[in-house]
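Please look it over first, then read the notes grouped by topic.

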Amino acid sequence: MSHPIGRRLFLAGLGAGAGLVALGDGVPAALRSWLEGPLGELSPSDGFHFYSVTGSVPSWDRISWRLAVDGLVEHPLSLSIEDLVGAGMRQVTADFHCVSGWSVAAVRWEGVSVAALLDQATIRPKARALRFESADGAYVDFLDLSVARRLEVIIALRMASAPITAERGAPARLVVPFYYGYKGVKWLRRITAVEAADTGYWEARGYDSDARIRH
Amino acid sequence: MTRTPASATEKILHWSVATAVLLMVATGGVMYIPSLSEMVGQRFWVRTVHIASAVAFVFVLLLIPALRWPEIRRLELDLSFWDRADWDWFRRPWDVFISTYQPADVPRRRFNGGQKLLAALVAISLALLVLTGVPMYWWSWFSSALVSRARDFHVLAAFGLAALLAGHIYLALLSPYGLLQGRIARERINR
């Protein structure tokens, strides 16, 4: 006497999995740590996965590094690390959400607000958006000026009470705490005031232009 | 156990699915494991290959049954139906592990219990990976909580699948009828 056990097993497993995804509370933390713990180095140590759209992490040195603020501004800026620190550091604590589903709770960033830099550079009336350019030579993204002026939008120099590491975007990265992580341009080297926002790197490759976190 | 060679359709199905799955495992590993992500970079291309492999996998699973339904139906029946003799594989785990397991000589049987279990578990893993991949890809249509749950189960199913594949490859190479021992046995017969 034989029974279609394989078929039943498949249907039960698929049904249970689909039900838990639709209604459940994720993989319990204990199960996740049991799975990921033994893998040690394979798992992200600080909860962040590494994303780069090029083949390497841009190198930089503290002496010569500058952040340019240019475009539709009255006073173009070329800012060193010390200039940014001198512009007034702010602290922003927020959960970090990636569109692919992983999150890091309560990340503490320290940096200078974009609004403070815009005030220094004096934005021209025609400017409606900002273009943020990464030193990796490929990644760009845009923010509307009204969004960029919100005080919690910062150019972060520190993360979790330490300078941002190379993997997380050193020496400076954009932090927009109410948007998904892909708006946070890493290895930032230039902010350009422009007349209108264009499509960013991922938006040009199919991502939604509305990056607000969907709670 | 009757040794029935796989048909051309079954070989095409197996190796096209295997190619797509290995590409998904490799690119998924590069996206998930930070040291590999840093080594490779190129997130857009790695992600594109991962998704294209998933699309190719689903396409193969639709196309081959559409073209060769009777054969695929027979294969599904062979893998799905279990009888008393199938439990023999589970009663002798040590023989299975050290690759000395020889199935009972039951006529008209193509798969042992382990192969049937593997087929069901791999099918569950792959179905869950495709299912959870949907909200991960179309993230803007879903809440972040659902995408997060989908991603957790995607990772869980991927870990499970990787373990199953490791066991499958180990036994496929080393079992008495496996690729290595099977070849050695054939060489002995030829001598």
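Two strands are taken to pair if DSSP finds at least two bridges between them. With pairing defined in this way, five strands of chain A form an open sheet in the order S2-S1-S10-S5-S6, and the pairing is mixed. The model is a predicted one.

**Chain A overall**

- Chain A contains five helices and 10 strands.
- The C-alpha trace of chain A spans about 85 × 35 × 30 Å along its principal axes.
- Chain A is divided into domain 1, residues 5–42, and domain 2, residues 67–205.
- The centres of domain 1 and domain 2 of chain A, taken over C-alpha atoms, are separated by 37 Å.
- Of the 215 residues of chain A, 31% count as buried.
- Among contacts in chain A between residues at least 6 apart in sequence, 65% join residues at least 24 apart.

**The open sheet of chain A**

- Strands of a sheet pair through backbone hydrogen bonds, either parallel or antiparallel.
- In the sheet S2-S1-S10-S5-S6 of chain A, the edge strands are S2 (77–79) and S6, each of which pairs on one side only.
- From one strand to the next, the twist averages 15 degrees.
- Strand S1 (residues 67–71) and strand S10 (residues 188–194) of chain A pair in the parallel sense over four bridges. Here Ala68(A) stands opposite Arg190(A) in S10(A).
- Helix H4 (residues 114–121) of chain A packs on the sheet and touches S1, S2 and S10 of chain A. The direction of H4(A) makes about 135 degrees with that of S2(A).
- Strand S5 (residues 129–134) and strand S6 (residues 140–144) of chain A run antiparallel and are joined by five bridges. Phe132(A) has Asp141(A) in S6(A) as its bridge partner.
- S5(A) and S6(A) form a hairpin with five residues between them. In the turn of this hairpin, Gly137(A) has a positive phi of about 85 degrees.

**Nonpolar cores**

- The largest nonpolar core has 38 residues, and those with the most contacts inside it are Leu130(A), Ile154(A), Ile155(A), Ala156(A) and Leu188(A).
- At least two residues of this core come from each of S1, S4, H4, S5, S6, S7 (154–159), S9 and S10 of chain A. S7(A) gives the most to this core, with five residues.
- Beyond its neighbours within four places in sequence, Leu130(A) is in contact with Phe142(A), Leu143(A), Leu145(A), Ala148(A), Ile191(A), Thr192(A) and Ala193(A).
- A second, separate core of 27 residues includes Tyr180(A), Leu75(B), Ala119(B) and Ala120(B).

**Backbone details**

- Ala170(A) and Pro171(A) are joined by a cis peptide bond, with omega about 5 degrees. Pro171(A) has its place in the loop between strand S8 (162–163) and strand S9 (173–175) of chain A.
- Ala106(A) is a residue other than glycine with a positive phi, near 50 degrees. Ala106(A) is found in strand S4 (residues 103–113) of chain A.
- Ala106(A) has 9 other C-beta atoms within 10 Å and is therefore exposed, the limit for exposed being 12 or fewer.
- Gln42(B), which is not a glycine, has a positive phi of about 50 degrees and lies in the loop between H2 and H3 of chain B.
- Gln42(B) counts as partly exposed because it has 16 C-beta neighbours inside 10 Å.

**Where chain B meets chain A**

- 38 residues of chain B are in contact with 44 residues of chain A.
- On the chain B side, the elements giving two or more residues are H2 (34–40), H3 (43–67), H4 (69–80), H7 (113–137) and H8 (144–174) of chain B.
- The residues on this side of chain B divide into 21 nonpolar, 10 polar and seven charged.
- The axes of helix H1 (residues 5–23) of chain A and H8(B) come within 8 Å and cross at roughly 145 degrees.
- Gly17(A), Leu20(A) and Val21(A) of H1(A) make this contact with Arg149(B), Ala150(B) and Phe153(B) of H8(B). The residues of the contact divide into four nonpolar, one polar and one charged.

Conventions: Residues are numbered from 1 along each chain as its sequence is written. Chains are lettered from A and ligands numbered from 1 in the order in which they are written. This is a predicted model: local features need pLDDT of at least 70, side-chain atom pairs count only at pLDDT 80 or more; totals for chains, interfaces and linings use all residues. Two residues are in contact if their C-beta atoms, placed from the backbone, lie within 7 Å. Ala, Val, Leu, Ile, Met, Phe, Trp, Tyr, Cys and Pro count as nonpolar, Asp, Glu, Lys and Arg as charged, and the others, Gly among them, as polar. Domain bounds come from an automatic or database domain assignment. Axes are lines fitted to C-alpha atoms, for helices over the stretch in contact, and angles run from 0 to 180 degrees between N-to-C directions. A residue is buried if 20 or more other C-beta atoms lie within 10 Å of its own, exposed if 12 or fewer, and partly exposed in between; C-beta atoms are placed from the backbone. A nonpolar core is a set of buried Ala, Val, Leu, Ile, Met, Phe, Trp, Tyr and Cys residues joined through C-beta atoms within 7 Å.
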